[in-house]
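Here are some notes to read with the model open beside you.

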Amino acid sequence: MKKNVLVLASSIMILGAALAGCGSAPAGDSAAQSSAQAGSTGGKDLRINIPSEPPTIDPGLAEDSTSNTVIKAIFDGLYRLDQDGKPQPSVAEGVDVSTDGLTYTFHLRDTKWSNGDPVTAKDFEFAWKRALDPKTASNYAYQLYYLKNGEAFNKGQAKADDVGVKAKDDKTLVVTLENPTPFFLELTAFTTYLPVDQKVVEANPKWANEADTIVSNGPFKMDTWEHKSKITLSKNDNYWDKDVVKLDKIQMSMIDADDTVLNMFDNGELDWAGAPLNSLPTDAIPALKDAGRLHIYPVSSVYWYKFNTEKPPFNNAKIRKAFAYAINRQAIIDNLLQADQKPALGAVPTSMSLNPQGYFKDNDVETAKKLLAEGMQELGIDKLPPITLSYNTNQGHQQIAQAVQDQWKKNLGVDVKLENQEWKVYIDSLHQGNYQIGRMGWNADFNDPMTFLDAFKEKNGGNNDTRWENPKYKELLDQALKEVDIEKRKALMKEAEQILMDEMPVVPIYFYTSSYVANPNLKGVVTDPFNHIDFKWASLE
């Protein structure tokens, strides 16, 4: 799913999100710990931090974990994921599925928008078709390709009326799929499938830019948005399930320095520090572990570097593989991350792995040197052009980049320049192709390997910043989408992942775990295997 701001472990679109310096008591200091355990001074007001300004609060345009954190709090879909990542009925009371698995008929309960308007099936139809409309330019439109004619409409080969989503009446939504999709109910909880108030959106194209124009249907609503500073949410009294919502407010600060965030937590100013909101300072992890304060849980997320395959020298697969093989992932985990991460030797995390052994060896320096020489010969060059590794501003990403920079110098004799940018600027640079190598984290959007593979299906796909495309790879994924035999489908995706790793448009570095510290009085926060966080059921005791 989503890109991570962090190294984080959000997935850090993860990977985790930042580290900065400021003085305070060490993470394991007893006085600081006592302060944190004193509980929130805000009563039923939860205080958290997000690492950056959300690029958007529009579900149809959102593509990163920071935006998703806010959106999940203020919007509600047909289904909502529980702590095990399983879809539970939400706006939909239930669903009827045809015997061939192609038609889903959702029955909606009585719900309202935060402005009092009724939420109708037409709002869902409008939202899904709006995200698919090429004029909207949603980078996540491809997640709606499971709908009949969804891809055709997005590519200008069909009309909106041809798309397989129809509001039969205000309370009935009929969805027709291209192929049976076992994880479709999970998808209905995903950001791009959330509804928007059609009347509001059509009346104001900039509706999602300011707190006083945002209309939502979730457990909370937005009260204030001080851009690049803080966001305040309050309980939405129009929410259908408001009786289970125990928090009065959620106060979100925006600080990209992870050590500052941890210090604020230790001083009792925040109720949460760490994933999936931001990352913890890597040098604080051992002390937090030893003090028994650190919570660690596995997630289906990968930290990787993307290559711009349209720019030399990374238009050569052997050079890309040389840079990938020359990284010592285990050393980065042991010396920097220290939170039980696993070296990524493939694109799909071990939780849904197609090939647990991986597709290449970690720290394979001799093969890397050989491939670099062969690749340079194929390009007809005896010297590499200047190389720049880019990352979004965050101390954790910086430390990883510095470690990789040193390894490439030692193992390949290559000098690499490091460049950092604020998240919103950085993600735009990647989308525009203004980079050579760039970090990114990727969270699963649903429990299936396809969520990691389909981002690279098409050169001009919304999240394929590598500009890489392979006809055989695309053919295998298309076959997998239609294959109903589980083992045959898995074999097709494994073959596709082999092609991805043979051509290496992305360099997998590690598979995430999420680690955090929390106010012991905070209960009911849902963190699912896809590295989402949901405060609907949260309470401060």
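Predicted model: local features only at pLDDT ≥ 70, side-chain atom pairs only at ≥ 80, totals over all residues.

1. H10 crosses H12 in the right-handed sense. The residues in contact are Ala331, Ile332, Leu336 and Leu337 on the H10 side, and Gln399, Ile400, Ala403, Val404 and Gln407 on the H12 side. H10 covers residues 329-337 and H12 covers residues 395-412. Their axes lie 11 Å apart, and the packing angle is about 140°. Angles over 145 degrees would count as roughly antiparallel; at about 140°, H10 and H12 are therefore described as oblique to each other.

2. Next, have a look at the sheet. It is an open one, built from 4 strands in the order S5-S6-S8-S7, with antiparallel pairing. Strand S5 (92-97) and strand S7 (165-169) form the edges, each pairing on one side only. From one strand to the next, the twist averages 20°.

3. Strand S6 (residues 103-108) and strand S8 (residues 172-176) run antiparallel to each other and share 5 bridges. If you want a landmark, find His107, which sits opposite Thr172 of S8. Helix H3 (residues 121-132) packs on the sheet and touches S6, S7 and S8. The direction of H3 makes about 165° with that of S7.

4. Is Glu63 buried or exposed? With a relative accessibility of 11%, Glu63 falls under the 20% cut-off, so this residue counts as buried. Glu63 belongs to the loop that links strand S2 (45-50) to helix H2 (65-74). Its side chain has polar partners: the side chain of Asn139 at 3.1 Å and the side chain of His431 at 2.9 Å. Thr192 is 129 residues away from Glu63 in sequence, yet their C-alpha atoms are 8.6 Å apart in space.

5. Asp64 caps the N-terminal end of H2, with a side-chain oxygen 3.2 Å from the backbone nitrogen of Thr66.

6. His431, the partner of Glu63 mentioned above, leads us to helix H13 (residues 423-432). His431 is buried there, as are Trp423, Tyr426, Ile427, Ser429 and Leu430. At the start of H13, Glu422 brings a side-chain oxygen to within 3.2 Å of the backbone nitrogen of Lys424. After H13 comes Gly433, which has a positive phi, near 80°.

7. Finally, please check Glu458, another acidic residue in a loop, this time between helix H14 (450-453) and helix H15 (471-482). Because its relative accessible area is 16%, Glu458 is classed as buried. The side chain of Glu458 makes a polar contact of 2.5 Å with the side chain of Lys155. Leaving aside residues up to four places away in sequence, Glu458 touches Glu151, Lys155, Asn464, Trp468, Glu469 and Lys474.

Note on methods:
Residues numbered from 1 in each chain as written. Heavy atoms only, no water. Pairing = 2+ DSSP bridges. Helix = DSSP H or I, 4+ residues; strand = E, 2+ residues; numbered from the N terminus. Axes fitted to C-alpha atoms, helices over the stretch in contact; angles between N-to-C directions. Contact = heavy atoms within 4.5 Å. Buried < 20%, exposed > 50% of the residue type's maximum accessible area, 1.4 Å probe, protein only. Polar contact = N/O pair within 3.5 Å; in protein donor to acceptor, adjacent residues only side chain to side chain. Parallel < 35°, antiparallel > 145°, perpendicular 65-115°, else oblique. Left-handed = near helix turned anticlockwise from the far one by under 90°.
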